[in-house]
Amino acid sequence: MPMLVETMAEAGESLSALNAVAVTVGPGAFTGIRIGLAAARGIGLAADIPVVGVTTFAAVAEAVSEKERANRRLLVLLDSKRGDVFVQEFSSERTAIGLPTILSPDAALDRLASGSFILAGDGIAVVRSQVDAASPDVAYSAVDGPADACWVAQLAVRSIAERTDLPPTPLYLRAPEPRSPPAAAVAALDNAQS
């Protein structure tokens, strides 16, 4: 929240100037998605304004230039941080084709054999060595990082105008994978309770 207040102050605006709040709904880190959605919903509730969800895939796709997309399908790859990638395909006009999924690097490479693609997103790093070795008809977008807030905002404005806005509910492609806390944390907790 301090970053939000600071950003609004730099823009010379207050929260009362907002007409809507845009938030990425995922996929991404469980904690990050939940924190972002909770903050956006809180702001929306306090300011009595709509909260619009935008998928991370759509935000990355929005950043890919028309020149890069020309005559190619767009495959947005997001690093799942578990050795595979979250994937969604888009037409050259950035219309989603099919549902988002999770693919191993080998399965992503198989997907690329079906046509001419431009790849975008931070998941490029996960598959690049296999793609380069196989040499399919693939180009890499300059958009090789995470979704940028300006594209999230632009998509939200357009979806509100077109009345296609997505509710701010999380898009999870994988079930939570609970992990045991590190031994040091367990030992510290035991010591604190003694």
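Which residues lie nearest the centre of the second largest pocket? They are Val54, Ala58, Leu155, Ser159 and Thr164, out of 15 lining residues. This is a predicted model, in which local features need pLDDT of at least 70, side-chain atom pairs count only at pLDDT 80 or more, and totals for chains, interfaces and linings use all residues. Residues are numbered from 1 along each chain as its sequence is written, and side-chain values use heavy atoms, with hydrogens and water left out.

**The chain**

The protein chain has 194 residues, and 34% of them count as buried. Buried means under 20% relative accessible area, exposed means over 50%, and partly exposed lies in between (1.4 Å probe, protein chains only). The secondary structure comes to 8 helices and 7 strands. These are DSSP runs numbered from the N terminus: helices are H or I with at least four residues, strands are E with at least two. The C-alpha trace spans about 55 × 50 × 30 Å along its principal axes. Of the contacts with a separation of 6 or more, 61% join residues 24 or more positions apart. A contact means heavy atoms within 4.5 Å.

**The pockets**

Pockets are found on a 1 Å grid over the protein atoms alone: a pocket is an open set of points where a 1.4 Å probe fits, with protein on both sides within 12 Å along at least five of seven lines, and lining residues have an atom within 4 Å of a point. Grid points are joined across faces, edges and corners, and a volume is the space filled by probe spheres set on the points.

| Pocket | Volume | Lining by class |
|---|---|---|
| Largest pocket | about 1400 Å³ | 27 nonpolar, 9 polar, 6 charged residues |
| Second largest pocket | about 340 Å³ | 6 nonpolar, 4 polar, 5 charged residues |

Ala, Val, Leu, Ile, Met, Phe, Trp, Tyr, Cys and Pro count as nonpolar; Asp, Glu, Lys and Arg count as charged; the others, Gly among them, are polar.

The largest pocket has a volume of about 1400 Å³. It is lined by 42 residues, and Ala22, Val23, Thr24, Gly36 and Ala149 are the closest to its centre. Helix H1 (2–10), strand S1 (21–26), H2, strand S3 (73–79) and H7 each give two or more residues to this lining. H2 gives the most, with 8 residues. For the second largest pocket, strand S2 (51–55), helix H3 (56–63) and H7 each supply at least two lining residues.

**Ring partners**

How many aromatic pairs does a search of the whole structure find? It finds 1. Phenylalanine 30 and tyrosine 172 form this tilted pair, at 4.7 Å centre to centre and 40° between the planes. Phenylalanine 30 lies in helix H2 (residues 30–47) and tyrosine 172 in the loop between helix H7 (149–161) and helix H8 (183–193), so the pair ties together parts 142 residues apart in sequence. Rings of Phe, Tyr and Trp (its six-membered ring) pair if their centres lie within 6.5 Å; planes under 30 degrees apart are stacked, over 60 edge-to-face, and the rest tilted. Phenylalanine 30 is partly exposed at 24% relative accessibility, and tyrosine 172 is partly exposed at 30%.

Alanine 29 sits in the loop between S1 and H2. It is exposed, with a relative accessible area of 54%. Its C-alpha atom is 9.1 Å from that of tyrosine 172, 143 residues apart along the chain.

**Another alanine**

Alanine 63 belongs to helix H3. Leaving out residues up to four places away in sequence, alanine 63 touches Val143 and Trp151.
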